Amino acid sequence: MQISVKEAQDNLEELLVRVEGGEDVLLTKDGKIVARIVAAGATPDKHTMTQEERRKVLDEVMAKAPPRAPGEPTADRSHDYLYDEDGLPA
């Protein structure tokens, strides 16, 4: 459910009943989501992944990347031309 902060203030009791029932409430201000109300005993965010899950996704993305051309710098060296040997902007 999405509701403005003003509406939430006016209907706090009802919102708490809904949250206790397992519903998440998104609060908006000027049309933008600014907060989320969830039950105190709620499980972590649905988008939370374990380290193994994150590693699997990263490996899948890296496998889809085009191979690096011979002589092409790796990502950790790709901006070296912007700096001199002392690490200062060139």
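How many salt bridges does the structure hold? The count comes to five salt bridges, and since this is a predicted model, treat the close-ups below as views of a prediction.

**View A. K6 and D10 pair up along helix α1.**
Here K6 makes a salt bridge with D10, and the closest N and O atoms sit 3.3 Å apart. Both residues belong to helix α1, which covers residues 5–10. Because they are four residues apart in that helix, K6 and D10 are separated by about one helical turn. As for solvent, K6 counts as exposed with 52% relative accessibility, and D10 counts as exposed with 52% as well. The cut-off for that label is over 50% relative accessible area.

**View B. R18 reaches E14 in helix α2.**
Moving on to helix α2, residues 12–20, we find R18 in a salt bridge with E14. Their closest N and O atoms are 3.6 Å apart.

**View C. E14 and R18 join E23 in a network.**
Salt bridges link E14, R18 and E23 in a network.

D59 is partly exposed at 40% relative accessible area, and R55 counts as partly exposed at 47%.

**View E. T28 sits buried in strand β2.**
Now for a strand: T28 lies in β2, which spans residues 25–29. Is T28 buried or exposed? Its relative accessible area is 10%, so T28 is buried; the label needs a value under 20%. Which residues does T28 touch, leaving aside those up to four places away in sequence? The contacts are Q2, I3, S4, V5, I33 and V34.

Technical notes. Residues numbered from 1 in each chain as written. Predicted model: local features only at pLDDT ≥ 70, side-chain atom pairs only at ≥ 80, totals over all residues. Heavy atoms only, no water. Helix = DSSP H or I, 4+ residues; strand = E, 2+ residues; numbered from the N terminus. Buried < 20%, exposed > 50% of the residue type's maximum accessible area, 1.4 Å probe, protein only. Contact = heavy atoms within 4.5 Å. Salt bridge = Lys/Arg side-chain N within 4 Å of Asp/Glu carboxyl O.
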